[in-house]
Amino acid sequence: MAKLKPPKKVLDSFTVKGTHKVVRVGDCVLMRPQDTDKPPYVARVEKIEVDVRNNVKVRVRWYYRPEESLGGRRQFHGAKELFLSDHYDIQSADTVEGKCTVHTFKNYTKLESVGSDDYFCRFEYKAATGGFTPDRVAVYCKCEMPYNPDDLMVQCEACKDWFHPQCMSLSPEQVKKMDHFYCPDCSSQDGDKKSRNSHRASPPSETKLEPKRRKK
């Protein structure tokens, strides 16, 4: 009669090897890649188990970087942007190098400073099909691109839409020195308004949709 495989014990947490960092279910972690020239993988811990030999295994849900997706990195993808995929895996806890934080898009845009272990996610990604959820997001500026939190944007004081300085033939330096900004459409409607940029240089989160903003 074949021997039954002893059941694995489920753990609440484990300590990252060589550190005092405690990882729990739901935490986001940095995992060592096979190619040391590549940045660490990012994953969310779904389950922690230990076998009879005391080997700790973690079931993870992978985050993909834009360049790892079927469509590749696009202009509006932020440097710290990740996609939460439907790709699950089981890995040794020894491959976990540390912890990180994957913020919601809204919370990421409110950070006063972005650390090396700060990331953000606004899309879920289907690895097999390359599909995204949501498949439509708000777009800004006359270039009609989704918001990239790494890019400086300025708000028109009349229509309240947001614009890239370069799309308005302005430099970032010019934007930072100006007190008010009216987009070309609003400026043409009122000859007394002059195109002077506001100091508000970060748009709201993409969850704030306005009728004039189309989706793509």
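Biologist: How much accessible surface does the protein chain have, and what share of that surface belongs to carbon and sulfur atoms?

Modeller: The accessible surface is about 13,200 Å², with 48% of that belonging to carbon and sulfur atoms. Areas come from the Shrake-Rupley method with a 1.4 Å probe, and for residues only the protein chains shown count as cover. This is a predicted model, in which local features need pLDDT of at least 70 and side-chain atom pairs count only at pLDDT 80 or more, while totals for chains, interfaces and linings use all residues. Residues are numbered from 1 along each chain as its sequence is written, and side-chain values use heavy atoms, with hydrogens and water left out.

Biologist: What makes S69 a buried residue?

Modeller: Buried means under 20% relative accessible area, exposed means over 50%, and partly exposed lies in between (1.4 Å probe, protein chains only). S69 has a relative accessible area of 8%, so S69 is buried. In the protein chain of 216 residues, 41% are buried.

Biologist: Where is S69 found, and which residues is S69 in contact with, leaving aside neighbours within four places in sequence?

Modeller: S69 is in the loop between β6 (56-64) and β7 (81-92). Strands are DSSP runs of E with at least two residues, helices are runs of H or I with at least four, and both are numbered from the N terminus. With those neighbours set aside, S69 is in contact (heavy atoms within 4.5 Å) with F83, Y125 and F132. The side chain of S69 also reaches the backbone oxygen of P66 at 2.6 Å.

Biologist: Why is V52 called exposed?

Modeller: The relative accessibility of V52 is 64%, so V52 counts as exposed. V52 sits in the loop between β5 (41-50) and β6. The C-alpha atoms of V52 and K8 are 7.1 Å apart, although 44 residues separate the two along the chain.

Biologist: How do you know that β5 and β6 pair?

Modeller: Two strands pair if DSSP finds at least two bridges between them. Eight bridges join β5 to β6, and the two run antiparallel.

Biologist: What makes the phi of N54 worth a remark?

Modeller: Most residues other than glycine have a negative phi, and most peptide bonds are trans. Phi of N54 is near 70°, a positive value in a residue other than glycine. N54 belongs to the hairpin of β5 and β6, which has five residues between the strands. N54 is exposed, because its relative accessible area is 61%. E144 also takes a positive phi, near 55°, and lies in the loop between β10 and β11. The peptide bond from T133 to P134 is cis, with omega near -5°.

Biologist: Why are D27 and K99 said to meet in a salt bridge?

Modeller: A salt bridge is a side-chain nitrogen of Lys or Arg within 4 Å of a carboxyl oxygen of Asp or Glu. For the side chains of D27 and K99 the N to O distance is 3.4 Å, and they meet in a salt bridge. D27 lies in the loop between β3 (22-24) and β4 (28-31) and K99 in strand β8 (residues 96-104), so the pair ties together parts 72 residues apart in sequence. By this rule the count comes to six salt bridges.

Biologist: What makes R61 and E124 a salt bridge?

Modeller: The closest N and O atoms of R61 and E124 are 3.5 Å apart, and the two form a salt bridge. R61 lies in strand β6 and E124 in strand β9 (residues 118-126), so this pair ties together parts 63 residues apart in sequence. R61 is buried, because its relative accessible area is 12%, whereas E124 counts as partly exposed at 39% relative accessibility. E46 and R44 form a salt bridge too, with the closest N and O atoms 2.9 Å apart.

Conventions:
Polar contact = N/O pair within 3.5 Å; in protein donor to acceptor, adjacent residues only side chain to side chain.
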